[in-house]
Amino acid sequence: SKAKGGNQYAFYTAEMGEQATQHLRLEGALQRALQRDEFLLHYQPVVDIGSGRVTGVEALLRWQPAGHPMVSPAEFIPLAEETGLIVPIGDWVLATAMRQQVAWVRAGIGPVRISVNLSARQFLGQDVAQRVAALLEETGCDPGYLTLEITESVLMENPAAATETMGQLAAMGVQLAIDDFGTGYSSLASLKRFPIHSLKIDRSFVMDLTQDADDAAIVNAVIALAHSMKLNVIAEGVETNEQLAFLQARGCDQMQGYCFSRPVEPQRIEAMLRVS
Ligand code: C2E
Ligand code: CA
Ligand code: CA
Ligand code: CA
């Protein structure tokens with residue numbers, strides 16, 4: 001009815017106003033978070049499927065506003081991208097991960113491969129290679145043990161610019177990985193032009209691997225073709241032993257997932273690295 005429609009309209013405007021206010025509040029809080037030192041990195045082990053050894057870690061950003069629960073990156077990275085705040089935040093992530101790599105060498109844990117996620121705006125921005133070079137110099141990080149993860153969709157957004165930037169990064173000795181592979185509709189053949197080292201099979205394909213024949217076929221194809229292109233394959237989001245057994249049988253190289261460990265704070269990942 002008309003009355004109901006009117007009510008709905010009022011309801012939606014109030015709701016939208018509230019959302020906009022929350023959006024602004026979040027943006028302001030995000031802006032202050034760097035100065036207040038509210039960001040931290042958690043690390044998830046990357047495990048060699050054959051040997052079960054931890055071969056590296058992925059740095060995952062966490063935001064811990066004072067007096068509030070931890071905020072997931074899924075909740076604030078899109079806004080950080082929109083507002084451009086991702087650039088200083090991404091810089092902080094890179095510098096912190098690089099310093100951590102150096103600190104682990106100094107602590108006698110040895111060189112640990114650290115993977116860092118780069119957002120679209122960070123990667124497609126003008127000076128990402130320069131920023132990485134400057135931070136490598138500043139921190140003393142070994143580029144041979146640094147992997148930068150870029151999503152498949154970012155590559156396809158501007159393949160020419162991506163090729164150039166990746167060439168610059170690869171020339172520094174940094175490894176490149178394609179994150180969320182399988183979600184961006186690029187063909188494996190089109191990846192040939194990029195100087196990449198690894199493919200990360202998106203969690204959405206791993207999730208139903210043992211129930212869904214299509215997902216199983218996709219994962220099989222990605223592993224086989226990636227290997228034929230001499231690429232390292234990492235499965236994301238491995239939660240069960242059945243998924244792990246499937247991936248092991250298909251020769252998938254590495255995996256990350258709750259079946260081995262969630263992302264954890266630096267001290268806990270250190271303990272895992274020491275025994276691995
Ligand atoms: P991603 O790069 O695909 O990272 C994997 C996500 O899957 C992480 O979520 C991780 O905690 C989660 N995960 C790992 N194993 C499992 C599993 O077995 N089961 C399930 N259900 N989930 C698992 P997280 O830490 O919430 O990060 C979400 C996304 O936020 C990341 O996805 C990445 O796109 C983005 N992100 C995280 N840190 C950064 C960062 O420093 N910079 C940028 N630009 N993006 C980041
Ligand atoms: Ca990632
Ligand atoms: Ca991923
Ligand atoms: Ca993902």
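Modeller: Let's start with a term: a helix axis here is a line fitted to the C-alpha atoms over the stretch in contact, and the angle between two axes runs from 0 to 180 degrees between their N-to-C directions. Keep in mind that this is a predicted model.

Biologist: OK, so how do I read two helices lying against each other? At what angle do the axes of α3 and α5 cross?

Modeller: The general idea is that two packed helices are described by the angle between their axes and the distance between the axes. Here, the axes of α3 and helix α5 (residues 128–139) cross at roughly 35° and come within 10 Å. The crossing of α3 past α5 is right-handed.

Biologist: Which residues of α3 and α5 make the contact?

Modeller: On the α3 side you'll find Asp-91, Leu-94, Ala-95, Met-98, Arg-99 and Val-102. From α5 come Arg-131, Val-132, Leu-135, Leu-136, Glu-138 and Thr-139. Sort the residues of this contact by type and you get seven nonpolar, four charged and one polar.

Biologist: Next, the nonpolar core. Which residues touch the most other members of the largest one?

Modeller: In soluble globular proteins, nonpolar side chains tend to be buried together. In this model, the largest nonpolar core holds 76 residues, and Leu-148 and Leu-199 touch the most other members. Helix α3 (residues 86–106) gives this core its largest share, nine residues.

Biologist: What is Leu-148 in contact with, if I skip its neighbours within four places in sequence?

Modeller: With those set aside, the contacts of Leu-148 include Leu-94, Val-116, Leu-118, Val-132 and Leu-169. Leu-148 also contacts a run of Val-174, Gln-175, Leu-176 and Ala-177.

Biologist: Now the metals. How do I read a calcium site, and which residues coordinate the calcium ion (ligand 2)?

Modeller: You look for donor atoms around the ion. The calcium ion (ligand 2) is coordinated by Glu-58 (OE), Asn-117 (OD1), Glu-149 (OE) and Asp-179 (OD), at 2.1 to 2.3 Å. Along the sequence, these donor residues follow the spacing E-x58-N-x31-E-x29-D. Distant parts of the chain are linked this way: Glu-58 sits in strand β2 (residues 54–63) and Asp-179 in strand β5, 121 residues apart. Both Glu-58 and Asp-179 are buried.

Biologist: Are Asp-180 and Glu-236 buried, exposed or something in between, and why?

Modeller: Buried means under 20% relative accessible area, and exposed means over 50%. Glu-236 has 13%, so this residue counts as buried. Asp-180 has 25%, so Asp-180 is partly exposed.

Biologist: Last one: backbone angles. What is phi of Asp-37 near?

Modeller: Most residues other than glycine have a negative phi. Phi of Asp-37 is near 60°, a positive value. Asp-37 lies in the loop between α1 (2–35) and β1 (39–48), and counts as exposed because its relative accessibility is 58%. Lys-230 has a positive phi too, near 65°. Look for Lys-230 in the loop between α9 (213–228) and β7; with a relative accessible area of 74%, Lys-230 is exposed.

Conventions: Residues numbered from 1 in each chain as written. Chains lettered and ligands numbered in written order. Predicted model: local features only at pLDDT ≥ 70, side-chain atom pairs only at ≥ 80, totals over all residues. Heavy atoms only, no water. Core = buried A, V, L, I, M, F, W, Y, C linked by side-chain atoms within 4.5 Å. Buried < 20%, exposed > 50% of the residue type's maximum accessible area, 1.4 Å probe, protein only. Helix = DSSP H or I, 4+ residues; strand = E, 2+ residues; numbered from the N terminus. Contact = heavy atoms within 4.5 Å. Left-handed = near helix turned anticlockwise from the far one by under 90°. Nonpolar A, V, L, I, M, F, W, Y, C, P; charged D, E, K, R; others polar. Donors = N, O, S within 2.8 Å, 3.2 Å for Na, K, Ca; no water.
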